Amino acid sequence: MAIKKGSIVRAVREKLENSLEAKASDRRFSSYIFETKGEVMDVRGDYAFVKFGKVPTPNIWLRVDQLEDFK
């Protein structure tokens with residue numbers, strides 16, 4: 001799947017938990033990024049800006065290979 005603006009996605013726990021990004025910050029990720037729908041608001045290079053709309057949380061930049069189509 002090609003991640004593009006408007007795609008509905010969720011984070012892939014296995015790819016995110018051991019990533020360079022996780023090692024550089026708090027490794028405790030909220031479950032909502034793995035369990036709820038996120039909408040891609042922007043894509044820049046290898047990163048997508050994702051908005052998780054059902055909960056009042058900040059938008060987050062994630063690598064596109066850490067995302068999958070929400071099924």
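**Close-up views of a predicted model**

The backbone oxygen of Lys 4 lies 2.9 Å from a polar side-chain atom of Ser 7; a polar contact is a pair of N or O atoms within 3.5 Å, where within protein one must be able to donate a hydrogen and the other to accept it, and residues adjacent in sequence count only if both atoms are side-chain atoms. The model is predicted, so that local features need pLDDT of at least 70 and side-chain atom pairs count only at pLDDT 80 or more, whereas totals for chains, interfaces and linings use all residues. Residues are numbered from 1 along each chain as its sequence is written, and side-chain values use heavy atoms, with hydrogens and water left out.

View A. Ser 7 belongs to the segment before strand 1 (8-11). Strands (E, at least two residues) and helices (H or I, at least four) are DSSP runs, numbered from the N terminus. Ser 7 has a relative accessibility of 12% and therefore counts as buried; buried means under 20% relative accessible area, exposed over 50%, and partly exposed in between (1.4 Å probe, protein chains only). With neighbours within four places in sequence set aside, Ser 7 is in contact with Ala 2, Gly 38, Glu 39 and Val 40, contact meaning heavy atoms within 4.5 Å.

**View B. Strand 1 and its two partners.** Strand 1 runs antiparallel to strand 2 (residues 38-44) and is joined to strand 2 by two bridges; strands pair if DSSP finds at least two bridges between them. Val 9 stands opposite Gly 38 of strand 2. Strand 5 (residues 67-69) is also antiparallel to strand 1, with three bridges between them, and Glu 68 of strand 5 is the bridge partner of Arg 10.

View C. Strand 2 and strand 3 pair in the antiparallel sense through six bridges, with Val 43 opposite Ala 48 in strand 3. The hairpin of these two strands has two residues between the strands, and Gly 45 takes a positive phi near 60° there. Four bridges join strand 3 to the antiparallel strand 4 (residues 60-63), where Arg 63 stands opposite Tyr 47.

**View D. Lys 51 in strand 3.** Lys 51 lies in strand 3 (residues 47-52). Its relative accessible area is 39%, so Lys 51 is partly exposed. Beyond neighbours within four places in sequence, the contacts of Lys 51 are Lys 37, Gly 38, Glu 39, Met 41 and Asn 59. The C-alpha atoms of Lys 51 and Lys 15 are separated by 19 Å, the two residues being 36 residues apart along the chain.

**View E. Aromatic pairs.** The structure holds three aromatic pairs. The rings of Phe 29 and Phe 34 have centres 6.4 Å apart and planes at 90°, so this pair is edge-to-face. Rings of Phe, Tyr and Trp (its six-membered ring) pair if their centres lie within 6.5 Å; planes under 30 degrees apart count as stacked, over 60 as edge-to-face and the rest as tilted. Tyr 32 and Phe 52 also form an edge-to-face pair, 5.5 Å centre to centre and with 80° between the planes. This pair links distant parts of the chain, Tyr 32 lying in helix 3 (residues 32-35) and Phe 52 in strand 3, 20 residues apart. Phe 29 is partly exposed at 23% relative accessible area, whereas Phe 34 is buried at 7%. Tyr 32 counts as buried at 19%, as does Phe 52 at 1%.

**View F. Arginine charges over phenylalanine rings.** The charged end of Arg 13 sits over the ring of Phe 34, 4.0 Å from its centre. The charged end of Arg 10 sits over the ring of Phe 70, 5.6 Å from its centre. A charge sits over a ring if NZ of Lys or CZ of Arg is within 6 Å of the ring centre and within 35 degrees of the ring normal.

**View G. The largest nonpolar core.** Ile 33, Val 50 and Leu 67 touch the most other members among the 13 residues of the largest nonpolar core. Strand 1, helix 3 and strand 3 each supply at least two residues of this core. A nonpolar core is a set of buried Ala, Val, Leu, Ile, Met, Phe, Trp, Tyr and Cys residues joined through side-chain atoms within 4.5 Å. Not counting residues up to four places away in sequence, Leu 67 touches residues including Ile 3, Val 9, Val 12, Val 50 and Leu 62.
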